[in-house]
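I am opening my notebook for this structure. The entries below record what I looked up, in the order I looked.

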Amino acid sequence: MEWLSRFSLHRKLQFSFLILILFPFIAVTFWSYSSLKQNVSDKFTRSNMETLTVIGNQIEKTIDNISFASVYFSESYNPDILESFRYLKDAESFASFQTYDHYSNLMSMADILLMQSADANLKMMLVNRKNKMIMGDSSAPVFASLPESFLQEAIGLNEKETTALQWFPSGEANAAPEYYYAVRFIIDPRNHAKLATLYIGIPQSYFHSLLDTGNPDIAFTLTDKSGGMIARNGGGQSGDAKNRLVSKVAIPKTGWLLSAEMKRSFIDSQINREFLVTLSVVGLFFLTFLILSMLLAGYINKPISLLRSSIKQYVGGKRDIRIPVHGKDEVAALSSAFNHMLDDINGLLEKVESEQEEKRLLELQALAAQIRPHFLLNTLNSIKVSLLMTGDKPHGNMIDALMKMLRAYVHIDQPLKLADDCKVLESYVQIMQIRNRMDISFTHELGEGTESLQMPRLLLQPIVENAIYHGFAARPQHPAIQITARLTQEWLEITVSDNGRGMSGDKIERLNRKLHGLEQDLPLQNERGVGLINTARRLQVLYGYQSRLTAASREDGDGLSFTLNIPITTISKEAVIHEGDAN
């Protein structure tokens with residue numbers, strides 16, 4: 001990608017758009033349009049063929065059951081069945097009990113055979129040589145004559161064909177037949193004389209249930225060998241064959257033809273749906289290319305982002321930050337100028353900091369000279385000894401705590417270990433107990449590695465003072481202040497909590513905005529929060545803008561907790577600076 005540095009940023013963005021978005025989008029869209037129609041047609045053809053195969057298998061299963069029943073009757077060597085056929089071949093009524101007995105014998109066998117295809121609701125009739133029904137239709141009495149219309153429909157049957165099934169439709173003309181009958185002539189194996197004719201009819205409802213797939217846009221048609229209609233379901237007639245998609249499956253055992261057809265308009269509607277899916281795929285490609293182009297744009301924009309990040313880090317206190325300069329484009333020139341500017345600013349800052357540090361030391365020296373701390377400490381020590389000798393131990397302890405506080409103020413410019421600072425705070429709390437006549441419990445828990453950390457003296461004192469003056473203003477029964485400290489991978493976290501009266505959520509939020517510098521208006525000198533805001537500003541001056549002082553309600557009860565978050569790197573740096581000053 002180094003060759004891109006020869007072009008301007010504007011040209012780089014143009015190239016990324018043309019190469020990674022526009023060209024792939026056009027190519028994918030053209031490919032989608034060219035292949036979609038054929039794919040959808042193939043899909044419907046396969047689906048229709050699978051459906052036709054399933055329907056054809058079901059019809060063949062029913063035909064097998066009919067063939068079995070016809071063979072059982074026509075080629076039966078059961079003496080009882082043959083005797084029944086011989087007895088009833090010319091019967092015209094129940095002339096005797098024997099007639100009924102033979103009739104019952106045939107009916108029992110027919111019921112058993114029909115059980116195999118009960119779902120098809122087949123209609124089985126046995127007709128003797130006199131065209132009298134010796135078994136069959138429950139709507140007509142036994143030994144009733146076959147209707148003349150039915151005989152006319154079966155007039156084309158060949159009585160010499162005794163080994164194969166013959167078929168004919170029964171019903172109104174110009175419509176799908178109500179039944180489609182299979183016919184078998186039953187011959188006496190002894191003298192080859194005709195005994196009866198077996199009719200097994202498949203109802204139109206059976207075909208209709210098979211052909212009903214729930215999709216009205218697909219027409220399923222079943223025709224016989226001569227092309228006559230057996231059954232049809234769904235769809236509408238389409239005049240032009242070019243506007244139809246037709247699939248066919250043959251049923252070899254009968255010579256029937258099962259076909260499915262649908263209008264091209266239906267396929268077109270499906271193509272529209274498929275095209276939406278294709279557009280989604282194209283959209284995915286488009287998104288992919290967009291991401292790639294964003295990555296390329298990110299590479300192009302990387303120097304600008306680095307410049308912005310460097311400015312933020314510099315403002316945060318990292319003054320040695322510099323931007324690597326590559327290439328000869330506009331951003332490289334800007335980065336080089338920025339590095340020169342940082343060098344100049346660093347020189348000015350070092351000069352100002354040196355002057356401020358010198359001024360601070362002079363002011364502290366002047367203050368120390370005015371207070372004359374050693375004289376005061378010696379005087380207070382004499383008073384303490386006198387009080388202890390007279391037995392006034394409480395006041396002696398108060399003077400001792402005050403001396404510890406004064407010693408801390410004497411060396412205010414030098415850092416102190418966190419454990420030692422907590423001892424100074426303990427003396428401060430002891431003084432405040434005597435002043436306010438409260439028994440305040442003060443505890444501190446310092447995690448591993450935090451006791452020896454060098455911290456500015458009395459950094460936590462304003463927070464403890466705030467808890468005593470404001471948190472314990474209502475004088476709780478058991479006032480307590482707890483300090484905890486722990487180290488994480490990047491932060492030192494110090495928490496000062498009390499069980500005082502606390503604050504409402506709105507007030508805590510407003511206080512945090514002031515502590516984080518989001519509100520510039522400061523409270524008056526006697527208003528709550530001055531010491532806290534000064535502590536927050538002191539944190540940021542000493543440890544950078546990432547340092548934070550945050551207030552929150554205690555999770556385990558009443559009161560407030562104040563948490564100081566300080567970057568570990570800035571603590572180390574500050575300790576080194578003060579250590580150098582001490583030397």
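I count a contact when heavy atoms lie within 4.5 Å. The model is predicted, and I use local features only at pLDDT of at least 70 and side-chain atom pairs only at pLDDT 80 or more, while totals for chains, interfaces and linings use all residues. Residues are numbered from 1 along each chain as its sequence is written, and side-chain values use heavy atoms, without hydrogens and water.

Entry: Gln 166. I found Gln 166 in strand 3 (residues 166-170); strands (E, at least two residues) and helices (H or I, at least four) are DSSP runs numbered from the N terminus. Is Gln 166 buried or exposed? Gln 166 is buried, because its relative accessible area is 13% (buried is under 20%, exposed over 50%, partly exposed in between, with a 1.4 Å probe and protein chains only). Leaving out residues up to four places away in sequence, I listed its contacts as Leu 157, Asn 158, Glu 161, Tyr 181, Ala 182, Val 183 and Phe 185. A polar atom of the Gln 166 side chain lies 2.7 Å from the backbone oxygen of Asn 158.

Entry: Val 183. I looked next at Val 183, which sits in strand 4 (residues 179-187). Val 183 has 0% relative accessibility, so it counts as buried. Beyond four places in sequence, its contacts include Gln 166, Phe 168, Thr 197 and Tyr 199. Ser 67 is 116 residues from Val 183 in sequence, yet their C-alpha atoms are 9.8 Å apart.

Entry: the cores. I looked for nonpolar cores (buried Ala, Val, Leu, Ile, Met, Phe, Trp, Tyr and Cys residues joined through side-chain atoms within 4.5 Å). The largest has 51 residues, and Phe 207 and Trp 256 are among those that touch the most other members. Helix 1 (residues 9-74) gives this core its largest share, 9 residues. I also noted a second, separate core of 47 residues, including Val 424 and Ile 481.

Entry: I read helix 13 (residues 530-543) as 14 residues reaching 20 Å from first to last C-alpha, close to the expected 20 Å (1.5 Å times one less than the number of residues). Its buried residues include Val 530, Leu 539 and Tyr 543. Just after helix 13, Gly 544 has a positive phi of about 95°. The axes of helix 12 (residues 505-515) and helix 13 come within 9 Å and cross at roughly 40°; axes are lines fitted to C-alpha atoms over the stretch in contact, with angles from 0 to 180 degrees between N-to-C directions. The two helices are therefore oblique to each other (under 35 degrees is roughly parallel, over 145 roughly antiparallel, 65 to 115 roughly perpendicular, the rest oblique).

Definitions and conventions: A polar contact is a pair of N or O atoms within 3.5 Å; within protein, one must be able to donate a hydrogen and the other to accept it, and residues adjacent in sequence count only if both atoms are side-chain atoms.
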